[in-house]
Amino acid sequence: MKKYTTIASYIAMTFAVCACGNLQPDKQAGIIPEPVYLQQTDGLPFSMDEKTPLSYSDISLRELAQQLSGELKTQTGFSLPVDAAPSAFQTKSVYLELTGTAAIPVALPQTYGLSPKDANPADEQYALLISADTLRLTSASVEGLYRGTASLRQLIGARSLPLKLPALQIYDAPRFAWRGLSLDVSRMFFTVPEVKTVIDMLALYKMNVLHLHLSDNEGWRIQINACPQLTETGSEMPNKNRKGGFYTQADYQELVGYAAGRFVTIVPEIDLPGHTSAVFASYPELKNAVPVSNETNKAVISMVALDPDDDAAMLLVKNVLSELASLTPGSYIHIGGDETFGMPEEKYVQFIDKTRDIMRDIRKKTVGWQEISRAHIGAGDIIQHWIAPGMEQILSEDSAIASMIPPEMLKAMVDMFAKAPEDIERGIGKQAKIIVSPARFAYLDFPYKEPSHEPAQEADRLRLGLSFYPGATIEDSWKWNPATFNPLIKETHIAGVEAAIWCETIESLSDLQFLLLPRLSGMAEKGWSSQDTTQDTTGWETYKERLAAQSPIWEKAGWNYFKSSLVDWEK
Ligand code: TNX
């Protein structure tokens with residue numbers, strides 16, 4: 001304790017400087033998301049090799065120590081010997097320590113938002129202290145220690161052997177309690193091992209939610225025992241000659257378990273009542289709530305929606321959500337609710353209200369795309385904001401997409417986008433919280449605008465991402481602040497931040513990684529880092545350097561990434 005008091009007075013001085021926005025650029029450390037407080041010291045580095053013991057203060061940390069040792073092997077080629085039993089701190093070891101909160105001597109900023117498992121967001125705080133003979137990671141919780149291991153893994157992975165880690169002190173905590181990625185496994189089915197790779201990517205950047213988009217027009221991806229046709233027929237929809245597929249309940253539970261081991265919560269989405277062509281193909285007797293001709297419905301995007309007055313449809317919804325709830329330990333299920341083009345508004349409201357009643361009965365909390373604010377939602381519900389200002393341009397009359405859509409449908413789409421700002425005001429008025437996923441920053445299927453450093457990547461760059469979106473440079477995607485980009489949304493309204501990757505153009509894990517990296521790290525920073533350096537003159541420059549430090553880590557892990565020409569990857 002005495003030791004911390006001394007550190008505290010020293011830090012109080014330097015932290016005062018940081019608080020004025022004059023942050024120490026974390027040049028050599030190269031950590032993303034930028035830690036709240038990082039001070040590099042002049043001391044000698046900590047040397048680490050295959051003999052450095054990995055020790056811990058409490059038996060509950062043994063598994064974490066073993067996991068860390070295994071993860072370090074990919075980055076270093078060796079794993080650290082893990083002590084058989086807990087011990088007191090010893091020098092020259094990597095030491096994991098559960099402590100009281102008092103061990104963090106600086107006032108860390110408040111964490112806003114909602115935890116996906118209703119935990120105390122403060123549990124993610126950690127301290128990492130490195131000097132010539134100390135490598136000490138402390139937190140009040142195992143989860144906080146796990147977040148700290150992500151910083152440590154980056155410090156190690158970015159360096160070559162023999163390992164010398166810079167002397168530094170990090171005190172860190174998240175800005176938002178919910179930091180996620182929405183993964184579209186409907187348009188492109190990813191196997192269990194592939195999804196595990198995505199979870200590994202999230203964990204390295206301290207993200208804690210994998211939102212799985214389990215159903216859409218192009219395919220139903222989760223086994224539901226009460227509705228066998230959903231997987232029998234719905235998982236094999238005609239979809240650009242892509243292979244179909246679905247997760248058995250055992251597969252899904254395996255993913256939930258793998259994610260939990262990395263402090264990632266799976267939030268499953270069943271997209272309702274629209275985006276349900278796979279449901280209608282499975283159960284053709286269901287009534288369509290959208291009054292359009294069959295001809296219009298065969299066009300580019302199908303206009304279908306489940307009808308709240310159809311008992312068979314509501315029974316299906318109840319069966320699906322109940323089974324999913326029993327497989328999902330997290331507090332939330334996402335019910336979709338987006339883009340019900342052409343569905344009469346009263347029907348839409350009635351559908352969401354009925355679905356919310358089901359959610360209450362199965363004791364899960366509701367997340368839905370922002371349009372659900374039109375129904376009777378309230379405190380405890382979350383709306384996901386995706387239709388950011390600028391979206392309406394994509395549908396302007398002379399845009400690429402407008403020419404592909406039948407006029408009847410285009411009108412319904414334009415109407416929906418026009419109402420979008422009201423969704424947010426209404427949702428806030430009803431006490432709902434907001435997951436911030438504005439398409440132009442958070443949708444990782446925007447094509448990359450700048451070329452790659454490698455001419456061989458140009459074909460992939462031009463192929464991947466939806467061509468009707470304007471391109472975005474990785475700088476465009478990083479330069480925004482979740483609490484200021486939309487004047488309607490204040491920090492206190494925000495549940496968290498989510499990136500989304502939609503897979504219409506993606507055909508493999510390698511394609512997926514190409515669109516995820518490097519922008520995913522930037523999105524993780526939006527969710528975690530309290531300090532906004534996007535407006536500083538050096539903010540982007542130092543971010544680029546931190547980004548460049550990630551590429552050795554990705555290469556050793558075998559992850560594909562876009563070598564943006566804006567970054568000097570060689571450094
Ligand atoms: C809109 S975002 C959709 C998805 C598409 C995506 C493409 C949302 C709630 N709906 O169905 O895949 O755009 O970027």
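Predicted model: local features only at pLDDT ≥ 70, side-chain atom pairs only at ≥ 80, totals over all residues.
Local features need pLDDT of at least 70 and side-chain atom pairs count only at pLDDT 80 or more, while totals for chains, interfaces and linings use all residues. Residues are numbered from 1 along each chain as its sequence is written, and side-chain values use heavy atoms, leaving out hydrogens and water.

**Ligand site**

Which residues are around the ligand? They are Arg187, His275, Asp338, Glu339, Trp369, Trp386, Tyr443, Asp445, Leu466, Tyr469, Trp502 and Glu504.

| Residue | Ligand atom | Distance |
|---|---|---|
| Arg187 | oxygen | 2.8 Å |
| Asp338 | nitrogen | 2.9 Å |
| Asp445 | oxygen | 2.7 Å |

On its own, the ligand has 360 Å² of accessible area, and the protein covers 95% of it. Such areas come from the Shrake-Rupley method with a 1.4 Å probe; for residues, only the protein chains shown count as cover.

**Nonpolar cores**

A nonpolar core is a set of buried Ala, Val, Leu, Ile, Met, Phe, Trp, Tyr and Cys residues joined through side-chain atoms within 4.5 Å. Buried means under 20% relative accessible area, exposed over 50%, and partly exposed in between (1.4 Å probe, protein chains only). The largest core has 139 residues. Those with the most contacts inside it are Phe190, Leu210, Tyr247, Tyr252, Ile501 and Leu512. Helix H9 (residues 311-327) gives the most to this core, with nine residues. Helices (H or I, at least four residues) and strands (E, at least two) are DSSP runs, numbered from the N terminus.

Beyond four places in sequence, Ile501 touches several residues, including Leu181, Leu183, Leu444, Asp445 and Leu512. Contact means heavy atoms within 4.5 Å. A second, separate core has 33 residues, among them Met48, Leu54, Leu68 and Leu137.

**Helix H19**

Helix H19 (residues 539-548) is mostly covered, with seven of its ten residues buried. Trp540, Tyr543 and Arg546 are among the buried ones. The buried residues pack against helices H16 (474-478), H18 (519-528) and H20 (551-557).

**Ser437**

Ser437 sits in the loop between strand E17 (433-436) and helix H14 (439-442). Is Ser437 buried or exposed? It counts as buried because its relative accessibility is 0%. Its side chain makes a polar contact of 2.9 Å with that of Gln384. A polar contact is a pair of N or O atoms within 3.5 Å; within protein, one must be able to donate a hydrogen and the other to accept it, and residues adjacent in sequence count only if both atoms are side-chain atoms. Contacts of Ser437 beyond four places in sequence also include Trp386 and Tyr443.

**Backbone details**

Most residues other than glycine have a negative phi, and most peptide bonds are trans. A cis bond joins Leu161 and Pro162, with omega about -10°. The bond from Leu272 to Pro273 is cis, with omega near -15°. Lys206, not a glycine, has a positive phi of about 60°. Lys206 is buried, at 0% relative accessible area. Asn241 also has a positive phi of about 60°, but Asn241 counts as exposed, at 82% relative accessibility.

Methods. Near = heavy atom within 4 Å.
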